[in-house]
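Student: I'm new to this one, and I'd like a close look at just one part of it. Please walk me through a single stretch slowly, and spell out any terms as you go.

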Amino acid sequence: TCPHYRLWISRLEANGSISRINSLLAQNSTMATAFAKNQEEYRKMRLEALDEEEIAYLQAQPQMNQKLVEGGIGGNLNPNRIRCLHENYAHFLATGSNVIGEEVESWKVIPPCCSEEKGRSDEATTEAPTRDAAAASVDEQQGSEEEKGRSD
């Protein structure tokens, strides 16, 4: 776990970003559909990474098997909400495909990590994100989505 990203994502979580993302998921069907697809792809990838012995062990453990088969990113069983930005942002960094991570990235509040510079915006701030900065970015995105929905 990268301490840099852990710190910045923790700050976003502390500033209410999980609630804001969950509101976006409830209001934006395109984002919700992409999130459901991310969850399904994650489940598939996780199952493909297991060998037969691991699968047999997990199948003998009902609660663990439920998380394995039904749980999405981070074991999330609720397809309409996120539990944690860390899990989704890490999935985004690892795969390049996670709508929640893409949303967080679009806020441009997380500076590049000193160990990886590729593909990251130089526009990111080096100061801790405030609730107002993160909220304003999300509110701006919600307004854009509402306008798009009216024009369709």
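Tutor: Let's start with a term: helices (H or I, at least four residues) and strands (E, at least two) are DSSP runs, numbered from the N terminus. This is a predicted model, where local features need pLDDT of at least 70 and side-chain atom pairs count only at pLDDT 80 or more, while totals for chains, interfaces and linings use all residues. Residues are numbered from 1 along each chain as its sequence is written, and side-chain values use heavy atoms, with hydrogens and water left out.

Our part is helix H3, residues 29-48. Take Lys37 and Glu41 to begin with: they form a salt bridge (a side-chain nitrogen of Lys or Arg within 4 Å of a carboxyl oxygen of Asp or Glu), with their closest N and O atoms 3.9 Å apart. Why do these two line up? They sit 4 residues apart in H3, so about one helical turn separates them. Lys37 is exposed, at 54% relative accessible area, while Glu41 is partly exposed at 35%. For those words, buried means under 20% relative accessible area, exposed over 50%, and partly exposed in between (1.4 Å probe, protein chains only).

Now look at Arg43 and Glu40, whose side chains also meet in a salt bridge, at 3.0 Å from N to O. Being 3 residues apart in H3, they too are separated by about one helical turn. Glu40 is partly exposed, at 45%, whereas Arg43 counts as buried, at 16% relative accessibility.

Together with Arg46 and Leu47 in H3, Arg43 meets Lys67, Leu68, Val69 and Glu70 in H5, where contact means heavy atoms within 4.5 Å. By class, that contact has 3 nonpolar, no polar and 4 charged residues. (Ala, Val, Leu, Ile, Met, Phe, Trp, Tyr, Cys and Pro count as nonpolar, Asp, Glu, Lys and Arg as charged, and the others, Gly among them, as polar.)

How do the two helices lie? The axes of H3 and H5 (residues 62-70) come within 8 Å and cross at roughly 125°. That makes H3 oblique to H5. Axes here are lines fitted to C-alpha atoms, for helices over the stretch in contact, with angles running from 0 to 180 degrees between N-to-C directions; under 35 degrees is roughly parallel, over 145 roughly antiparallel, 65 to 115 roughly perpendicular, and the rest oblique.

Glu87 is partly exposed at 25%, and Arg83 is partly exposed at 43%.
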